[in-house]
Amino acid sequence: MFDTILDNLNTIQNEMVAMFKQQYEWGWFGKTKEESNLVLRGYVSANALTPEGYKKITGEEYDKTETVSTQSQNQ
């Protein structure tokens with residue numbers, strides 16, 4: 001039973017990453033790559049996306065310190 005639940009959660013996460021990747025490629029998260037990446041970093045910070053999912057979408061490693069310093073500069 002728990003294996004089924006875990007498999008279902010993994011499937012949902014994989015589908016979300018695929019959906020986010022399409023939206024990223026279409027430019028729905030921002031006008032620039034930097035703006036789009038910042039939106040996705042926010043999703044990782046909110047636990048709506050994993051760091052691994054961020055990398056699959058952007059091709060870049062997720063760096064938590066970069067997100068924190070970028071958000072601090074914007075305030």
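Colleague: Is F29 buried or exposed?

Modeller: A quick note first: this is a predicted model, where local features need pLDDT of at least 70, side-chain atom pairs count only at pLDDT 80 or more, and totals for chains, interfaces and linings use all residues. Residues are numbered from 1 along each chain as its sequence is written, and side-chain values use heavy atoms, leaving out hydrogens and water. Buried means under 20% relative accessible area, exposed over 50% and partly exposed in between, with a 1.4 Å probe and protein chains only. F29 has a relative accessible area of 10%, so F29 is buried.

Colleague: How many aromatic pairs does a search of the whole structure find?

Modeller: Rings of Phe, Tyr and Trp (its six-membered ring) pair if their centres lie within 6.5 Å; planes under 30 degrees apart are stacked, over 60 edge-to-face, and the rest tilted. Searching the whole structure that way gives 5.

Colleague: Which kind of aromatic pair do F20 and Y43 form?

Modeller: Their centres are 5.2 Å apart, with 45° between the planes. That makes the pair tilted.

Colleague: And which kind do F29 and Y43 form?

Modeller: Here it's 5.8 Å centre to centre. The planes sit at 90°, and the pair is edge-to-face.

Colleague: Which residues do ring pairs link into a cluster?

Modeller: Y43 pairs with F20 and also with F29. F20 counts as buried because its relative accessibility is 8%, while Y43, at 29%, counts as partly exposed. The cluster is F20, F29 and Y43.
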